[in-house]
There are 2 protein chains.
Amino acid sequence: MAHPASTALMTDRYELTMLQAALADGTAHRRCVFEVFTRRLPAGRRYGVLAGTGRVLEAIERFRFGDAELSWLEEADVVDALTLDHLAGYRFTGTVHGYAEGEAFFPASPVLVVEGTFAEAVILETLVLSILNYDSAIASAASRMTTAAGDRPCLEMGARRAHEEAAVAAARAAVVGGFAATSLLEAGRRWGLPTIGTAAHAFTLLHDDERGAFAAQVASQGAGTTLLVDTYDVAQGVRHALAAAGDAPLGAVRLDSGDLGVLAHEVRAQLDAAGATSTKIVVTSDLDEYAIAALASAPVDSYGVGTSVVTGSGHPTCGMVYKLVAREGASGELEPVAKASASKASQGGRKTAARRLDAHGRATEEVVVSGRDEAVVAWQPADGMRPLLEPLVVDGEVQPGWTGAEGVRRATRRHQESRAELPRVARRLSADEPGLPTVHLTV
Amino acid sequence: MAHPASTALMTDRYELTMLQAALADGTAHRRCVFEVFTRRLPAGRRYGVLAGTGRVLEAIERFRFGDAELSWLEEADVVDALTLDHLAGYRFTGTVHGYAEGEAFFPASPVLVVEGTFAEAVILETLVLSILNYDSAIASAASRMTTAAGDRPCLEMGARRAHEEAAVAAARAAVVGGFAATSLLEAGRRWGLPTIGTAAHAFTLLHDDERGAFAAQVASQGAGTTLLVDTYDVAQGVRHALAAAGDAPLGAVRLDSGDLGVLAHEVRAQLDAAGATSTKIVVTSDLDEYAIAALASAPVDSYGVGTSVVTGSGHPTCGMVYKLVAREGASGELEPVAKASASKASQGGRKTAARRLDAHGRATEEVVVSGRDEAVVAWQPADGMRPLLEPLVVDGEVQPGWTGAEGVRRATRRHQESRAELPRVARRLSADEPGLPTVHLTV
């Protein structure tokens, strides 16, 4: 298995030293509410796409301090013996609510709400943010690309431009954002995603000539394969490709360089003239959402996207933060807390959220609800509002349906529904304000 | 252990289907030379920093198709039975040369040269590129930051803004690029890096007041700790911090918001007036190389850097490619090969490289050598040239000294030496051409 056995040291040192200090003075056992949100979307973006929630839940289940972790913490003198004892028995026993994976989010959306003691909740900060910030950055970019691509499939091929484990998560997040498949085998194995592939220039160059390479590929993969035709001359490559397929219909040709729009028209004409009307054209080579949009009128059948999707198309991370918003005071009641100094101030207190829809089911507002803790917990959305927070972990138990391959399928559907509900203007690629206003409601 | 057991499926599907086709027609056993290089640096960058080489070597050692990998490949119908048999016995038995990890690189620098059969070398493409592209992007950004910081330490604190496993690699690469330490515990454990930490706003907010929080932290961590003073009012926070330390000298205060340059001056004056002249000031909050440079005249003792270092400061990946440059022909001789069509053309044939130095030991040129294969292999740099390619794997054996914590220490030293050798102009932050010209020499 490629999953690391324990996720417990994917943690910033200060979380454990804060825990030590809080265990010593007794505050570690105060009940707390931490909230994950972003203050703003990346400049110009109209919406974000929450991804990684399923991975967060899996990571929390594997957040255990075993002998290997504890002995290193002791050797490295990170925390004292009392804290090591505490960590040895660590299990998250709290409750997590959150937006469904795949849901669109906006500034201040409380996408994850973690409730538990300070001791059990504070040490999840780094891991939760690592996953949600990365995966959401990828899904947010992917969603723009699949919007631009319309009915044409987008194929994720960016593993080589991302850290090798990040690439596995990127493929997953791209599929949540609407991609049809990935080239990365580990993502196929781990998440049940469809995997696809063509061939590299190296395969053509390995052979004595292009004809030989194409013949070998067709002999091995069948005529339904995709032949890469731009190693030498494209028009000649297409002739060789058709010859290699012989009487059988060739699956597709791939173009990986040059002016893809012009080439696609030329190659389509050449294929059609040769009677290969069913042979598809796949384009790759530094595509992003703008390049995809620019190819809308070209006879392209699918887009292979690499660098730009796995790096979030200019925004490789989200600005999500994990903030303590309420904690048990001396009275035993939950009290709102918030940083008060000039910048980075945030609103204290537990939140819940709903999306307001008009009579046509079109989203009009992101409604973020705060107020007295009991009132927020008890709040029910009025007619015309869709509640956004779902129970993900209840008393330490991860709820069914959110994790594994099932979680990815569910998140993919959720994103399609959530995006379809947004106003058309919010789905435009052009830079502008968030597509929905965030409205704060006090109860 | 958090290392995945096998890295073999961190591979694009097309590598295995190309292998299948090449096994079927016999070309899989042709001897090949693959080269990793970048066509260009990110716009405006003066040099790149190679990082991840040690991780590549470790990943090659763990590139094994065990039962779990093979049974999934069979179930998913990725390759045929003959190919599965071949993969079951896969061991890389070839030879790898490369730039030492930490070395500066330029366009066309052959940073890694992999020699083996097509079958054994082609399937390493995705994994090798994932590691080198990500780690080098981070080290390249880190090097600019540590240049800007001069003698003041830079501390890596960005785990929450990167995929959780990428964050571990990012900490390592940041240290190669000159960072002094990381906040991420797993990076400390895995690579022997120093770990550091302060406290979060949550710790202050957990307590009834700031005095109580600071007292708890000092009681637990000693007065040498770093107190975060900007949760409420900074001047009051500094007073509370000094009071909490009592008679002992307080280690440091951290500023995480506001106008850091102005605040640092105010806080320094306040600390000095209170006699706390040894108490240091750590600044954090969206620092990048430009912000660090802008704080050069402020009384700051160290920089905590997050988002910008783990995302490569605007360039989250490198454009490194893994290209077949030579392969055994029908004659049994190695022949140069290269893609020939309009764009993305590259130069065929094996390369070697050296850095030309002037009489003062200052680098003046990146010399990339190509020509007849035997001549390139036999080439020895003239006086005033430092050879760049080192043997990393010989006949399948990873050479000692490049991997693990030892490899990181060695890479860190190599980067310091390599950067010091560059002309001063090449180390400027301002956007310009690569700091050294790449000169092609034919032998």
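This is a predicted model: local features need pLDDT of at least 70, side-chain atom pairs count only at pLDDT 80 or more; totals for chains, interfaces and linings use all residues.

Q: What makes the pair Glu164(B) and Arg55(A) a salt bridge?
A: A side-chain nitrogen of Lys or Arg has to lie within 4 Å of a carboxyl oxygen of Asp or Glu. For Glu164(B) and Arg55(A) the N to O distance is 2.6 Å, so the pair meets the cut-off.

Q: Why is Arg144(B) called buried?
A: Its relative accessibility is 6%, and buried means under 20%, so Arg144(B) falls in that class. Its salt-bridge partner is Glu289(B), with the closest N and O atoms 2.8 Å apart. The two come from distant parts of the chain: Arg144(B) sits in helix α6 (residues 125–149) of chain B and Glu289(B) in helix α13 (residues 289–294) of chain B, 145 residues apart. Glu289(B) has a relative accessible area of 1%, so Glu289(B) is buried as well.

Q: Arg372(B) and Glu374(B) form a salt bridge; is Arg372(B) buried or exposed?
A: Arg372(B) has 55% relative accessibility and therefore counts as exposed, since the class begins over 50%. Glu374(B), at 43%, is partly exposed, because that class lies between the 20% and 50% limits. The closest N and O atoms of this pair are 2.4 Å apart.

Q: Which residues are linked in a network of salt bridges?
A: The network consists of Glu103(A), Arg355(A), Glu366(A), Arg386(A), Arg414(A), Glu417(A) and Glu421(A).

Q: How do you know how much area chain B and chain A bury between them?
A: The size of an interface is often given as the accessible area lost when the parts come together. For chain B and chain A the figure is about 7,900 Å², with 58% of it on carbon and sulfur atoms. Of the area that chain B buries against chain A, Arg160(B), Leu185(B) and Leu206(B) supply 10%, more than any other three residues. The contact involves 98 residues from chain B and 98 residues from chain A.

Q: Why is Gln20(A) called buried, and what does Gln20(A) touch?
A: Gln20(A) has a relative accessible area of 8%, which is under the 20% limit and therefore buried. Gln20(A) is in helix α1 of chain A. Leaving out residues up to four places away in sequence, Gln20(A) touches Val78(A), Val79(A), Asp80(A) and Thr83(A), as well as Ser220(B) and Gln221(B).

Q: What makes up the lining of the second largest pocket?
A: The lining has seven nonpolar, nine polar and three charged residues. At least two lining residues each come from α1 (13–25) of chain A and from α10 (210–221) and β10 (280–283) of chain B. The space in this second largest pocket is about 390 Å³. Of its 19 lining residues, the closest to the centre are Leu155(B), Ile196(B), Gly197(B), Thr198(B) and Thr226(B).

Methods: Residues are numbered from 1 along each chain as its sequence is written. Chains are lettered from A and ligands numbered from 1 in the order in which they are written. Side-chain values use heavy atoms; hydrogens and water are left out. Helices (H or I, at least four residues) and strands (E, at least two) are DSSP runs, numbered from the N terminus. Buried means under 20% relative accessible area, exposed over 50%, partly exposed in between (1.4 Å probe, protein chains only). On a 1 Å grid over the protein atoms alone, a cavity is a set of points where a 1.4 Å probe fits but cannot get out, and a pocket is an open set with protein on both sides within 12 Å along at least five of seven lines; lining residues have an atom within 4 Å of a point. Grid points are joined across faces, edges and corners, and a volume is the space filled by probe spheres set on the points. Ala, Val, Leu, Ile, Met, Phe, Trp, Tyr, Cys and Pro count as nonpolar, Asp, Glu, Lys and Arg as charged, and the others, Gly among them, as polar. Contact means heavy atoms within 4.5 Å. Buried area is the accessible area (1.4 Å probe) that two parts lose on being put together, summed over both.
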